[in-house]
Amino acid sequence: MSRLLTDLPQPAALAALDARSVIVQPVGALEQHGAHLPLSTDLVIPEEIGRRGVERAVTQGVDAWLLPPLAASKSDEHHWAPGTIWLEAQTLWRTLVDVGRSVAATPARTLVFLNGHGGNSALLQVVNREIRRRFGLKTFSMGTGTQRAGGGGGDGPDEHGMGIHAGHSETSLMLALRPEMVDMSRAVRNVPEHIAEFATIGFNGSPVSFGWTSDDFGPSGVIGDATGANAAYGRELVEEGTAFVATALVEISRFEHAR
Ligand SMILES: [Zn+2]
């Protein structure tokens with residue numbers, strides 16, 4: 001049975017939900033992913049991992065429901081590449097607050113943003129609190145759990161923790177999920193290795209962050225090394241992501257701020 005809430009008529013959707021229900025809103029992105037991956041890479045991944053994770057969580061007793069993914073989000077770091085369809089931070093903010101308001105009108109009291117694009121992470125953390133304060137929902141944001149090395153990504157061989165965009169893990173995931181959309185003959189390595197010498201400054205997870213756009217690191221649009229990507233590794237990540245999402249939803253379903 002589909003767990004896509006919007007497959008139901010409105011009265012049936014209303015009847016299906018109660019205060020224990022967990023609504024999962026995947027947040028995708030439409031942005032350049034080099035010459036070898038589709039613009040929809042960051043839409044496909046949270047949609048696929050979200051569906052698998054929600055279905056598994058249901059088998060573990062969670063009343064989880066999916067909304068269709070938001071396709072476009074805050075991809076301003078890829079603004080320089082036409083074909084990228086991006087929202088300003090303020091636009092995404094207002095869109096997510098409106099989703100929160102809409103979910104709060106249902107019997108469900110829990111909203112989870114399942115994020116497929118790292119550029120949204122900071123905003124999602126802030127909007128969690130806004131929606132909680134304004135509408136009283138329990139709110140959560142999470143990634144897809146498909147990148148090793150501490151959530152920020154960069155798990156491929158010799159990526160130095162910087163395989164954050166169209167690199168080893170994303171390319172492997174797409175080889176597992178949408179092989180017909182991947183052109184490995186155009187896969188490249190583009191790792192800004194000089195940044196690895198800085199102890200405090202870096203990408204996600206470093207104590208000092210920095211402003212960047214993806215063309216700061218060269219014209220390919222890739223940040224990472226896609227050349228060794230393979231479907232077998234991608235299938236491992238799909239399973240890890242599915243298990244992560246299911247486990248997180250089980251915890252979210254029993255989370256209380258106070259007891
Ligand atoms: Zn991506």
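A residue is called buried here if 20 or more other C-beta atoms lie within 10 Å of its own, exposed if 12 or fewer do, and partly exposed in between, with C-beta atoms placed from the backbone. The structure is a predicted model, in which local features need pLDDT of at least 70 and side-chain atom pairs count only at pLDDT 80 or more, while totals for chains, interfaces and linings use all residues. Residues are numbered from 1 along each chain as its sequence is written.

With 30 other C-beta atoms within 10 Å, Ala-166 is buried. Its place is in the loop between E4 and H5; helices (H or I, at least four residues) and strands (E, at least two) are DSSP runs, numbered from the N terminus. Leaving aside neighbours within four places in sequence, Ala-166 is in contact (C-beta atoms, placed from the backbone, within 7 Å) with His-33, Gly-34, Leu-37, Thr-171, Gly-221, Val-222, Gly-224 and Ala-226. Leu-37 lies 129 residues from Ala-166 along the chain, yet their C-alpha atoms are separated by 7.1 Å.

Two strands pair if DSSP finds at least two bridges between them. E4 is largely enclosed by the rest of the structure, because 4 of its 5 residues are buried.

The partner of E4 is strand E3 (residues 110-115), and the two pair in the parallel sense over 5 bridges. Within this pairing, Phe-113 stands opposite Ser-141, and Leu-114 stands opposite Met-142. Together with helix H4 (residues 121-135), E3 and E4 make a right-handed β-α-β unit: with the strands pointing away from the viewer, the path from the first strand over the helix to the second runs clockwise.

Among the residues making the contact are Leu-173 and Leu-177 of H5 and Tyr-233 and Leu-237 of H6.

Key. Contact = placed C-beta atoms within 7 Å.
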